[in-house]
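User: I would like to learn how to read a protein structure, one feature at a time. Please give me the general idea each time, then the case at hand.

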Amino acid sequence: MTSISDIAAKRYTCKEYDPNKKIPQADLEQLYKVLQNSPSSVNSQPWHFVIVESDEAKAKILPAIFEFNQPRITKASHVVLFLARNEFSDAYLKEIVDQEDKDQRFPEEEMKAANDQGRRYFVDLNSQTEAQLHDWQNRQVYIALGNLLLAAAALNIDSTPIEGFDAQKLDEILNLKEKGFRSLVVASLGYRSEEDFNAKLPKSRLPFDELFTIL
């Protein structure tokens, strides 16, 4: 069995995809489960994931993608748009705690109210301003991105995290504001082309002693 450290070491950012290779549905469903099960602060799950797979959908979002990144959209098998919520409404917070109850996370009835109260406390604590709330939510969404990249590598699927796009334009194209979301980051998924120069280069990271302090 390949170790998790070996998977992390072999993972790299794909620069050129083979448009003829598509991710099998069974692997896609595993990646969806990884995203669904990503951790977040107080289980707030402040995200929504848009899966772009058709050529028509790729063409629709392309005007929002910086030109140098556009081939990583059109040639990739699938593209994931990571969205963050604009707010935590009472209805959404109730939906979370009701789902937790349905999933039998509360052996005793009073635990449900205590859990809901605790989550709302942290939501309020991190919502003194809109900027503070969005910063908190953004950090949670990037946890999901990291999960996806590592999981894809474990399935021998290549990936490219993309911040080179116009978030405001993408939000407008998909009417995200009206739906209560905003785009945050994009990830392409697929299989490398033989022309991908980055696949042939050795990985480079700073040495252990530079990055770690053991207390």
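Analyst: Start with burial: a residue is buried when its relative accessible area is under 20%, exposed when it is over 50%, and partly exposed in between, with a 1.4 Å probe and protein chains only. Helices (H or I, at least four residues) and strands (E, at least two) are DSSP runs, numbered from the N terminus. This is a predicted model, in which local features need pLDDT of at least 70, side-chain atom pairs count only at pLDDT 80 or more, and totals for chains, interfaces and linings use all residues. Residues are numbered from 1 along each chain as its sequence is written, and side-chain values use heavy atoms, with hydrogens and water left out.

User: Which residues of β2 are buried on one side, and which on the other?

Analyst: On one side they are His 78, Val 80, Phe 82 and Ala 84, and on the other Val 79, Leu 81, Leu 83 and Arg 85. Both faces of the strand are therefore covered, given that buried means under 20%. Strand β2 spans residues 78-85, and eight of its eight residues are buried.

User: How do I read strand pairing, and which strands pair with β2?

Analyst: Two strands pair if DSSP finds at least two bridges between them. Strand β1 (residues 47-52) runs antiparallel to β2, with six bridges joining them.

User: Is β4 mostly covered or mostly open, and what else is joined to it?

Analyst: β4 is mostly covered, with ten of its ten residues buried. Strand β3 (residues 158-162) is joined to β4 by five bridges, and the two run antiparallel. In that pairing, Asp 158 has Gly 190 in β4 as its bridge partner.

User: What is a salt bridge, and how many does the structure hold?

Analyst: A salt bridge is a side-chain nitrogen of Lys or Arg within 4 Å of a carboxyl oxygen of Asp or Glu. The structure holds nine salt bridges. One of them joins the side chains of Asp 158 and Arg 192, at 2.8 Å from N to O. Asp 158 is in strand β3 and Arg 192 in the loop between β4 and α10, so the pair ties together parts that are 34 residues apart in sequence. Asp 158 is buried because its relative accessible area is 8%, whereas Arg 192, at 35%, is partly exposed.

User: Where do Lys 75 and Glu 16 lie, the two residues of another salt bridge?

Analyst: Their side chains meet at 2.8 Å, N to O. Lys 75 lies in the loop between α4 (71-74) and β2, and Glu 16 in the loop between α1 (4-10) and α2 (25-36), so the pair ties together parts that are 59 residues apart in sequence. Lys 75 has a relative accessible area of 30% and is therefore partly exposed. Glu 16 is partly exposed as well, with a relative accessible area of 24%.

User: How are domains read, and how far apart are the centres of domain 1 and domain 2?

Analyst: Domain bounds come from an automatic or database domain assignment. Here the assignment gives domain 1 (4-87 + 140-199) and domain 2 (88-126). Their C-alpha centres lie 29 Å apart. The contact (heavy atoms within 4.5 Å) takes seven residues from domain 1 and seven residues from domain 2.
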